[in-house]
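Subject: Structure handover

Hello,

Here is the structure I said I would pass on.

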2 protein chains.
Amino acid sequence: MTYCIGLLLDLGLVMIADTRTNAGVDNFSSHRKLHTLANGPERQIFACTSGSLSMSQNVLDLLDEGLPIAEDDGIKRTIATAPSMFRVVQLIGEAVQDVNRTVGKALAESDLSSSVSFLVGGRIGGERPHLYQIYSAGNYIECSPESPFLQIGETKYGKPILDRGIRAGMPLSEAVKVGFLSFDSAMRSNLGVARPLDLLVMPTDREAPLLTRRIEADDEYFNLLSLRWSELLHEATELIPNPPFMRIEGERAIRAVEKG
Amino acid sequence: MTYCIGLLLDLGLVMIADTRTNAGVDNFSSHRKLHTLANGPERQIFACTSGSLSMSQNVLDLLDEGLPIAEDDGIKRTIATAPSMFRVVQLIGEAVQDVNRTVGKALAESDLSSSVSFLVGGRIGGERPHLYQIYSAGNYIECSPESPFLQIGETKYGKPILDRGIRAGMPLSEAVKVGFLSFDSAMRSNLGVARPLDLLVMPTDREAPLLTRRIEADDEYFNLLSLRWSELLHEATELIPNPPFMRIEGERAIRAVEKG
């Protein structure tokens with residue numbers, strides 16, 4: 001399993017990915033799922049992957065080598081030379097379709113899932129960061145401010161907290177915190193999602209530094225966040241009044257007194 | 001879609017089901033999914049259903065009519081005469097298998113899903129309430145105190161709150177409240193889960209009354225719970241400190257001041 005999120009905020013882009021992969025419950029390992037596709041002064045592009053690891057690795061290798069141009073004049077199309085983020089995600093989608101025709105077909109013949117998806121975030125030149133999701137068929141959607149996050153992998157456990165907590169106008173540090181809370185829920189309910197996590201923060205302000213960080217299994221801040229969140233949810237539950245129509249325990253208590 | 005939960009606590013059994021059914025997003029309607037299979041002084045048995053509505057209705061009709069006994073002596077086996085909760089869930093499982101062979105087969109031939117599942121809760125005579133989940137194949141599992149809840153339907157959005165909040169020893173009114181919070185999350189993230197909700201509370205104490213209640217779309221308590229929960233989650237998020245390694249906004253502020 002896998003869980004990756006991308007948050008596209010006014011102040012910047014946040015991407016978080018776990019590292020756990022498994023083929024059955026008896027075969028767990030740790031693989032990086034947040035990949036650097038380009039990281040120069042004029043082009044910073046990152047991708048999270050979920051689904052078949054062999055499919056996604058094959059796609060990344062193909063992109064690394066470059067895809068042939070349509071007229072086949074020998075000049076490869078690469079992430080490094082794509083003129084816009086639109087062309088970058090189109091290139092990745094094409095690589096996905098390529099691998100579908102080869103590895104995907106072979107997997108289908110063995111009745112194995114070849115499903116793969118990507119979150120792609122980044123910017124070229126002076127533009128604001130963009131965020132896209134690329135589906136198994138190679139098609140894509142772009143993230144928009146009305147719903148400023150995208151998820152791939154084990155998305156459901158961690159979605160309610162993002163639905164409630166992520167707003168395009170929020171500070172980046174708050175967004176990273178809410179993103180971690182979303183991972184905390186996903187990890188609690190699915191053993192297939194686990195630390196270490198990889199974090200990327202790309203501020204819209206081009207003068208602010210790019211932040212990448214690995215959150216290890218014993219990360220002190222994440223442990224604190226997880227513990228405090230449990231306590232706070234417990235307190236929040238207690239603060240909500242009980243249903244007014246639930247008088248059962250009250251009645252039992254009264255009867256016990258009357259009997260006593 | 002559908003969402004149903006069963007909570008098996010020391011003090012009693014709680015079952016909650018939504019009522020929304022849909023065939024595609026353009027065909028929504030409301031159907032009761034919490035069914036009374038028996039409700040006499042010596043036998044109270046209730047079932048929640050999810051999956052194909054035509055399958056589950058067929059199963060319930062078959063149970064209502066009674067299943068033939070193995071030696072076919074003409075005496076029907078029914079929920080009303082089954083000697084134990086074990087035999088009740090076995091009977092329901094057999095009815096599921098029956099309908100799989102008829103309706104399920106026809107649906108499969110049209111490439112339509114015939115998947116169906118049940119939560120069955122109740123008691124016979126003086127025993128404590130029991131809770132079971134019956135799967136599409138007609139097999140079942142029983143709920144146990146180590147993990148005192150079962151879910152069917154759109155289970156993931158509402159699971160983290162149950163994982164954190166439901167304990168076998170908790171008061172029934174608290175459990176109903178946490179159950180409602182789980183529905184609040186599921187309804188927020190999936191339009192296919194919606195009020196009205198049906199609630200059943202069966203106290204272990206046989207002298208306490210059985211409670212059944214419909215929570216309508218404008219239920220005042222549920223609206224309050226939903227609103228307060230949003231506020232409290234927001235407050236809880238704010239109470240958790242931001243990641244110590246996130247100094248980006250701080251740096252931006254300092255730079256802005258220096259530039260100013």
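Predicted model: local features only at pLDDT ≥ 70, side-chain atom pairs only at ≥ 80, totals over all residues.

Chain A overall

Chain A contains 6 helices and 14 strands. Its C-alpha trace extends over about 95 × 50 × 35 Å along the principal axes. Of its 260 residues, 54% count as buried. Among the contacts in chain A with a separation of 6 or more, 62% come from residues 24 or more positions apart.

Helix packing

Two helix pairs are described here, one between the chains and one inside chain B. The pair between the chains is helix α5 (residues 220-239) of chain A with helix α5 (residues 220-239) of chain B, whose axes come within 10 Å and cross at roughly 150 degrees. An angle over 145 degrees counts as roughly antiparallel, so α5(A) and α5(B) are roughly antiparallel to each other. Their crossing is right-handed. On the α5(A) side the contact is made by Arg228(A), Trp229(A), Leu232(A), Leu233(A), Ala236(A), Thr237(A) and Leu239(A). The α5(B) side contributes Arg228(B), Trp229(B), Leu232(B), Leu233(B), Ala236(B), Thr237(B) and Leu239(B). By type, the residues of this contact divide into 10 nonpolar, 2 polar and 2 charged.

Inside chain B, helix α1 (residues 53-65) packs on helix α2 (residues 85-109) at an angle of about 135 degrees, and the axes are 9 Å apart. α1(B) and α2(B) are therefore oblique to each other. Here too the passage of α1(B) across α2(B) is a right-handed crossing. From α1(B), the residues in contact are Ser54(B), Met55(B), Asn58(B), Val59(B), Leu62(B) and Leu63(B). They meet a set of residues in α2(B), including Leu91(B), Ala95(B), Asp98(B), Val99(B), Val103(B) and Leu107(B). The residues of the contact of α1(B) with α2(B) comprise 11 nonpolar, 4 polar and 1 charged.

Aromatic rings

Over all chains, a search of the whole structure gives 13 aromatic pairs. One of them is Tyr132(A) with Tyr140(A), an edge-to-face pair with 5.6 Å centre to centre and 80 degrees between the planes. Tyr132(A) has a relative accessible area of 4% and is therefore buried, whereas Tyr140(A), at 33%, counts as partly exposed.

A pair in chain B is Tyr3(B) with Phe183(B): the ring centres are 4.5 Å apart and the planes lie at 40 degrees, so this pair is tilted. Tyr3(B) sits in strand β1 (residues 3-9) and Phe183(B) in helix α4 (residues 172-189), so the pair links parts of chain B that are 180 residues apart. Both Tyr3(B) and Phe183(B) are buried.

There is also an aromatic cluster made up of Phe180(A), Tyr221(A), Phe222(A) and Phe245(B).

A loop residue in chain B

Asn139(B) is placed in the loop between β10 (130-134) and β11 (140-142) of chain B. With a relative accessible area of 40%, Asn139(B) is partly exposed. Leaving out residues up to four places away in sequence, Asn139(B) touches Gln133(B) and Ile134(B). From Asn139(B) to Met15(B) the C-alpha to C-alpha distance is 20 Å, and the two are 124 residues apart in sequence.

Regards

Note on methods. Residues numbered from 1 in each chain as written. Chains lettered and ligands numbered in written order. Heavy atoms only, no water. Axes fitted to C-alpha atoms, helices over the stretch in contact; angles between N-to-C directions. Helix = DSSP H or I, 4+ residues; strand = E, 2+ residues; numbered from the N terminus. Parallel < 35°, antiparallel > 145°, perpendicular 65-115°, else oblique. Left-handed = near helix turned anticlockwise from the far one by under 90°. Contact = heavy atoms within 4.5 Å. Nonpolar A, V, L, I, M, F, W, Y, C, P; charged D, E, K, R; others polar. Phe/Tyr/Trp six-rings, centres within 6.5 Å; stacked < 30°, edge-to-face > 60°. Buried < 20%, exposed > 50% of the residue type's maximum accessible area, 1.4 Å probe, protein only.
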